[in-house]
Amino acid sequence: MSTSTSAMESLLVENRVFPPSEAMVKAARVSGMDGYNALCAEAEKDFEGFWARLARENVVWNKPFTRTLDESNAPFYQWFDDGELNASANCLDKHIGTPTENKVAVIFEADDGTVTKTTYKELLARVSQFANALKADGVKKGDRVLVYMPMTLEGVIAMQACARIGATHSVVFGGFSAKALQERIIDAGAVAVITSNYQMRGGKELPLKAIVDEGLGMGGCDTIKTVYVYQRTQTACNMVAGRDKTFDEALAGKSTECAPVPVGAEHPLFILYTSGSTGKPKGVQHSTGGYLLWAKLTMDWTFDLKPEDVFWCTADIGWITGHTYVAYGPLAAGATQIIFEGIPTFPNAGRFWQMIERHKCSIFYTAPTAIRSLIKAAEGDAAVHPDRSDLSSLRILGSVGEPINPEAWMWYYKNVGHEKCPIVDTFWQTETGGHMMTPLPGATPLVPGSCTLPLPGIMAAIVDEVGNDIPNGTGGILVVKRPWPSMIRTIWNDPERFKKSYFPEEMGGKLYLAGDGAVRSADRGYFRITGRIDDVLNVSGHRMGTMEIESALVSKTDLVAEAAVVGRPDDLTGEAICAFVVLKRPMPKGDEAKAIAKELRDWVAKEIGPIAKPKDIRFGENLPKTRSGKIMRRLLRSLAKGEAVTQDTSTLENPAILDQLGQAY
Ligand code: PRX
């Protein structure tokens with residue numbers, strides 16, 4: 001664990017500051033820095049009292065909790081644990097009988113531009129009906145259900161229906177492979193899969209059900225009793241008699257009323273697999289009560305949500321952002337939200353801007369990668385520039401998933417927000433459940449590229465390798481000193497790994513280790529994330545483990561002897577995957593090398609998913625190793641960047657190998 005040189009290089013000084021407008025401060029829920037400081041002071045003074053108050057005000061409890069935080073089995077913290085609630089009731093039923101019931105909950109825009117609107121009342125009926133279908137097939141509280149769906153309203157319905165009956169969902173992003181799906185089904189012990197025949201992306205019809213069939217066919221998935229198939233397109237797909245049913249078949253004759261099942265606050269609402277430092281993805285387990293509280297509250301705080309807002313988070317439900325800020329948060333907060341099936345570049349790269357105009361979007365939340373690619377497109381073609389669309393409905397902009405470089409920030413601020421919309425640069429993780437550090441639109445002066453300050457109640461700090469605080473202006477390791485309600489509860493099936501990964505003994509066992517490096521500015525104490533300090537890469541905002549990709553490569557046993565994967569900076573995707581490979585055959589050259597590289601990329605796509613395909617593949621007769629046999633990754637990182645190796649190579653067993661690996665073919 002060390003802060004890398006590239007991370008330290010990015011500790012650039014940023015002097016531009018954009019304070020919120022007076023009007024914004026006046027109208028905001030958290031109004032001005034005084035408002036922010038008052039909440040922080042409340043949390044400092046009476047930590048449990050602060051969270052108890054918020055949980056009472058923001059969550060509908062079937063049975064009120066009497067205990068706020070139980071630390072007796074730390075780091076397996078429990079929040080509100082004797083309280084009972086239902087997450088779906090908190091997102092839907094709560095609005096019935098209020099003016100929100102006939103409000104549009106979801107504006108769905110399909111890949112081909114077709115728009116459908118669904119009110120809260122209608123959504124409740126659809127979720128209830130699907131919940132009844134699950135119940136009829138014996139799916140019950142505590143069962144795990146795997147969701148492998150396109151970015152459609154039906155995906156959200158599937159998640160909400162699980163929550164309604166107390167089943168724990170595990171959503172797998174539609175870009176993951178059959179193998180990845182099979183591994184997650186086995187690890188979670190899922191009883192059912194909810195999928196779709198095909199998905200539509202960028203005008204293309206891509207299979208989903210066929211991948212499910214392939215995954216289930218790989219064996220070990222005998223726990224699966226039912227596969228529900230949403231017919232997104234007219235094209236037929238294979239259906240296995242006795243196991244598979246279409247949505248229509250499952251819903252036939254089912255009532256549109258279904259009483260929500262109250263569960264304990266600590267009941268696992270979902271498991272979401274994410275990449276870590278080892279080859280095996282981690283099943284991040286989230287609670288119901290604490291998670292829901294933070295999903296709702298961060299909608300109110302970070303986005304300063306107003307009843308008339310039209311909220312749009314562009315993330316897929318396969319990622320945590322799509323869980324908290326599509327499937328749960330906006331509904332719990334009673335918002336009207338846009339759900340978009342397609343991709344930002346179809347039918348052209350003006351799609352996002354055209355959609356903002358079409359639906360009068362007021363809060364727009366997306367990833368830096370998308371912004372960077374749309375900048376490039378707009379610079380190349382005036383027809384897709386945001387200027388071509390009326391973006392006057394926008395009030396607040398958001399960024400998530402990776403550091404946003406100040407140039408992209410400024411472009412977003414000027415060209416999309418017209419210098420009147422604050423940008424909330426939200427730092428958080430799959431494990432944190434919701435935002436951790438972010439500016440508040442009516443309070444925090446903005447600094448491009450900085451996620452500014454922790455939310456009230458989030459005790460973030462920067463420490464050294466043994467957990468001691470370090471002064472502002474010095475880069476270090478980002479930790480959180482106290483638990484918070486929406487934090488990861490454990491790693492499914494692996495509590496030991498949970499402890500080791502997030503509460504390492506070397507740091508005293510009590511600090512939550514985010515896995516990122518950070519630095520606080522000397523003047524304002526603002527946080528700037530400097531990047532991961534472990535073997536996790538962030539490619540286009542997608543989290544990938546280097547070991548995961550290495551394992552995939554070496555599992556091609558007929559070809560690969562050894563592989564090492566590192567990240568290198570990339571203007572568009574943030575980081576790019578670079579693989580160094582030793583083959584079990586003589587060094588390939590020219591076309592042969594190209595063909596093998598393609599074969600290996602396709603292999604990784606099959607093993608993990610297309611998002612894990614290495615951008616660069618370099619072949620060598622060996623890897624740079626110390627005399628004790630350890631691969632020197634820092635050298636590989638320099639080679640991947642195309643830099644001259646300036647590090648000390650005296651401990652290297654085979655220095656000549658550097659020249660060979662330095663050759664990008
Ligand atoms: O490195 C940080 C980066 O994304 C990681 C978490 O990835 P994931 O669990 O997939 O969740 C992404 C969506 C919340 C973090 O450890 N990251 C996320 N947001 C930011 C960020 N880095 C810098 N600035 C951010 N705003």
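Helices, as the term is used in these legends, are DSSP runs of H or I with at least four residues, numbered from the N terminus.

**View 1. Helix α17 and Val 554 in the predicted model.** Helix α17 covers residues 546-554, and Val 554 is found in this helix. Leaving aside neighbours within four places in sequence, Val 554 is in contact with Val 560, Ala 561, Glu 562 and Ala 563.

**View 2. Val 560 in strand β28.** Strand β28 runs over residues 560-570 and includes Val 560, which is buried, with a relative accessible area of 2%. When residues up to four places away in sequence are not counted, Val 560 touches Leu 553, Val 554, Val 581, Val 582, Lys 584 and Leu 600. An unreviewed UniProt entry places the feature "binding site" at Val 554 and Val 560.

**View 3. The shell around the ligand.** The ligand is surrounded by 17 residues, the closest being Thr 426, Thr 430, Asp 516, Arg 532 and Arg 543. By residue type, the shell divides into 6 nonpolar, 6 polar and 5 charged, and at least two of its residues come from each of α12 (320-332), β20 (423-426) and β25 (527-532).

View 4. Of the 540 Å² of accessible area that the ligand has on its own, the protein covers 95%.

Definitions and conventions:
Residues numbered from 1 in each chain as written. Predicted model: local features only at pLDDT ≥ 70, side-chain atom pairs only at ≥ 80, totals over all residues. Heavy atoms only, no water. Near = heavy atom within 4 Å. Areas by Shrake-Rupley, 256 points an atom, 1.4 Å probe, with all protein chains shown as cover. Nonpolar A, V, L, I, M, F, W, Y, C, P; charged D, E, K, R; others polar. UniProt positions renumbered as here; feature names shortened; annotations may be inferred. Contact = heavy atoms within 4.5 Å. Buried < 20%, exposed > 50% of the residue type's maximum accessible area, 1.4 Å probe, protein only.
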